[in-house]
Amino acid sequence: MESWQYLNKNKIYLLLYIKEMNTLQRQKLIQINSDDRTSGSSSAQFSVNLGNDSKVNSVRAMAVKEIHFVNSFYNIEYYNNTFYYDTGAGEQSFVLPRGQYNLSTLISAITAKLATAMITATITLDALTQRLVWNVNVPMAFYQYRSNGEVNPLHDVLGIFGESSGLVTNYTSTGIPDLCGVKSVYIISPELASGSCITSQTKTKSVLAVVPVEAGFGEVVYSKNSDNESDVHVYDTALQNNLSSIRIEMQDEFGNLLVPNGHQIDMLLKIFY
């Protein structure tokens, strides 16, 4: 009961503090564009320098106002483009080229890769269950996890959950194929949101914002936050926070570094000082 009262009391103090910040107009908007990066090769991982303005050297609180970027993330990327399988003579694999696939181009690419291993495959989509049906001339084992415990990277895209009953020439995926690609973009920043998130793997991440990707491939993803005090990152007022140099990363929900394929990210922040 006492801890609950303590949290409520501190929340009231926080709301009053933010209200005071707004009243006194001790705030400034900060625009961050990945094209202005001082280091980093892409908008998925970069740093910007905001200079030595006294206001960014003594930030007490910060809120994300707007974020926008192009959904230019391929649904087949470096982190999910490898498929492992076994024909009884040891594990084999193939790697698909990075790109934006539909079901037809995905099936064509897979059958071409298997053909190089002398495996003739016919892959179709069951009209009722929407699951992939595999017919191969060489018995194969299909599985979600490899023998070393690592996940089979392409399993989620193909709807392969669990494993086949040994070596088979006919296999129906246990789930539906998923070509949606990136579903959410996690904006990571150690300076702006240090240790703000604990994952179910008991890891700590510095998550500044999570942006749902609701736009189609090639379209603009736009996120605008309200002036809600619960979205404000408050820093230790004894130490305050120096935001002159800021690191930004764009990750998916699994922690993979995204590849924006040349496009930028633009962010608008409100700082209280």
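**Salt bridges and burial**

Modeller: Glu-91 and Arg-146 form a salt bridge, with their closest N and O atoms 2.7 Å apart; the term requires a side-chain nitrogen of Lys or Arg within 4 Å of a carboxyl oxygen of Asp or Glu. This is a predicted model, in which local features need pLDDT of at least 70, side-chain atom pairs count only at pLDDT 80 or more, and totals for chains, interfaces and linings use all residues. Residues are numbered from 1 along each chain as its sequence is written, and side-chain values use heavy atoms, leaving out hydrogens and water.

Colleague: Where do Glu-91 and Arg-146 lie?
Modeller: Glu-91 is in strand S6 (residues 91–95), while Arg-146 is in the loop between strand S8 (132–140) and helix H3 (155–158), so the pair ties together parts 55 residues apart in sequence. Strands are DSSP runs of E with at least two residues, and helices are runs of H or I with at least four, numbered from the N terminus.

Colleague: Is Arg-146 buried or exposed?
Modeller: Arg-146 counts as buried, at 16% relative accessibility. Buried means under 20% relative accessible area, exposed over 50%, and partly exposed in between (1.4 Å probe, protein chains only). Glu-91 is partly exposed at 34%.

Colleague: Which side chain meets Arg-146 in a salt bridge at 3.1 Å?
Modeller: That is Glu-150, which is partly exposed with a relative accessible area of 45%.

Colleague: Changing topic, how many helices and strands does the protein have?
Modeller: Its secondary structure comes to 3 helices and 17 strands.
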